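I opened the model and kept notes as I went. The entries run from the whole chain down to single residues.

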Amino acid sequence: MLGSTVALGARAKGRTPLGGRVSLRAPWPVGPIDPHRLDDPIAALFGEALFDTLFVGDDSGGYAPALADGEPDIEGSTIKVKVRLGLKTAREKPFGTKDAAFAIARARASGARGWLGDVPVPREDGRALYFVVKDPAKDLPRLKAALASPLVAMTPLGFSPETPDGTGPFRWGIRDGALALTRNRFAARGPAFLDEVVVRSAASVSASLLAFEGGTDDIGWFERGLHEPRAGSKAFDFGAVGWAMLFTGRDANNWDGPGIAQRIADGIPYARLSSLHVGAAWTPDPAQGWGGPPTTLLVREDAPWLIEVANVVAATISRPSHEVTVKAVPATEMAARRASRLFGLALDVVRHPGGGSLGAAVAMATANDPSRAADVVAHPPKLAPDVPARTLTRTYRCGVVGEIKLSGGRMPDLVLVPSPTGFGVDLGASYRARAR
């Protein structure tokens, strides 16, 4: 993700130039950010720039302390995780164990319900969090992995998505309708190298490419220009931060059944969606099409890329007497309809929570049925490290249409650093070779 994890030693070397501003347009909404929601696209892209986690992935494939104060201690059946002292958020609010416990509880009540399914509710004493487990030595790696997920981001007591606050390298703000990420001088692991990142909402993918091609923006979404690559620009590809998911609802009648959504998605030829950069090609199944009653395909009205995907999906799967039409609705309505399942079809976002293939499996299970998602953690399937996400939903009422990729073009002096989560960009560590 466009994130915020840099080793303190790397910052201490003093060799990375400070300063500089980055501008881009994204075909996604800008504004409120909720790092604990599984369906928040702006959190998938920029959440790690604002929020830290207690642990973070390291180069060895394990997890190192971030806001945690050193490695956990094992005391009998309890794992003790100390929280660093003297922490402040970007809005200068003290951050301690009460805040950390609040953040974990908030994440558990939201998108991390399945991911935290095997993590006990901790108690805190002002210095540490205490997790009582069955087998501390065995459970410790899983606990650290759970607490390293972007879905378990650390947020202070009273957190509001409308004015998000965290300990990451940037501070959130809105200026002239754009998302303005400015250097956070109180950042727990060091402020960003960049002064500012400004993100405007693009009306379409082409709007971002035109702005990059014309020299207005420093990053072009998906490509290096609409008509031709911008001179001197370089390509980047930091993988998928989530998925565009097709859901069936109660209004689908007999077509609201396990596996149907994925069979429909797998029947869509990759070529129909390839221009929207939905990830690696798949071999399409025989075209399934839509066989349910005429229905609408709900999609968020503030997500232009998702609307473009929805239009292709609807046009591809419609059949005579089984027409599918796209209906863009407010994000709040989408969330309510998804929760009640009172819709025929819906296209929405599911974020990657980290944790490799198991994390993807838990995310899919949570999107399908949050009340049963913890079963995947309790009885984890044997999965290859790079199992395609669309193979994980064969028994669910949702299916993967494509990936939400973080790729495109950049100016040559803008150095983008991969996130230690294994996908996305670490914005806090990114810099301009020539500050400007």
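I worked from a predicted model, in which local features need pLDDT of at least 70, side-chain atom pairs count only at pLDDT 80 or more, and totals for chains, interfaces and linings use all residues. Residues are numbered from 1 along each chain as its sequence is written, and side-chain values use heavy atoms, with hydrogens and water left out.

Fold. I counted 11 helices and 21 strands, taken as DSSP runs (helices H or I, at least four residues; strands E, at least two) and numbered from the N terminus.

Extent. I read spans of about 65 × 55 × 35 Å for the C-alpha trace along its principal axes.

Contacts. I took contact to mean heavy atoms within 4.5 Å. Of contacts between residues at least 6 apart in sequence, 72% join residues at least 24 apart.

Burial. I noted that 56% of the 436 residues are buried (under 20% relative accessible area, 1.4 Å probe, protein chains only).

Surface. The protein exposes about 17,100 Å², and carbon and sulfur atoms supply 52% of this area (Shrake-Rupley method, 1.4 Å probe).

Backbone. I looked up Phe222, in the loop between β14 (219-221) and β15 (234-248). Its phi is near 75°, a positive value in a residue other than glycine. Phe222 is buried, with a relative accessible area of 7%.

I then checked Asn253, in the loop between β15 and α6 (260-266). Asn253, also not a glycine, has a positive phi near 55°.

Technical notes
Buried means under 20% relative accessible area, exposed over 50%, partly exposed in between (1.4 Å probe, protein chains only).
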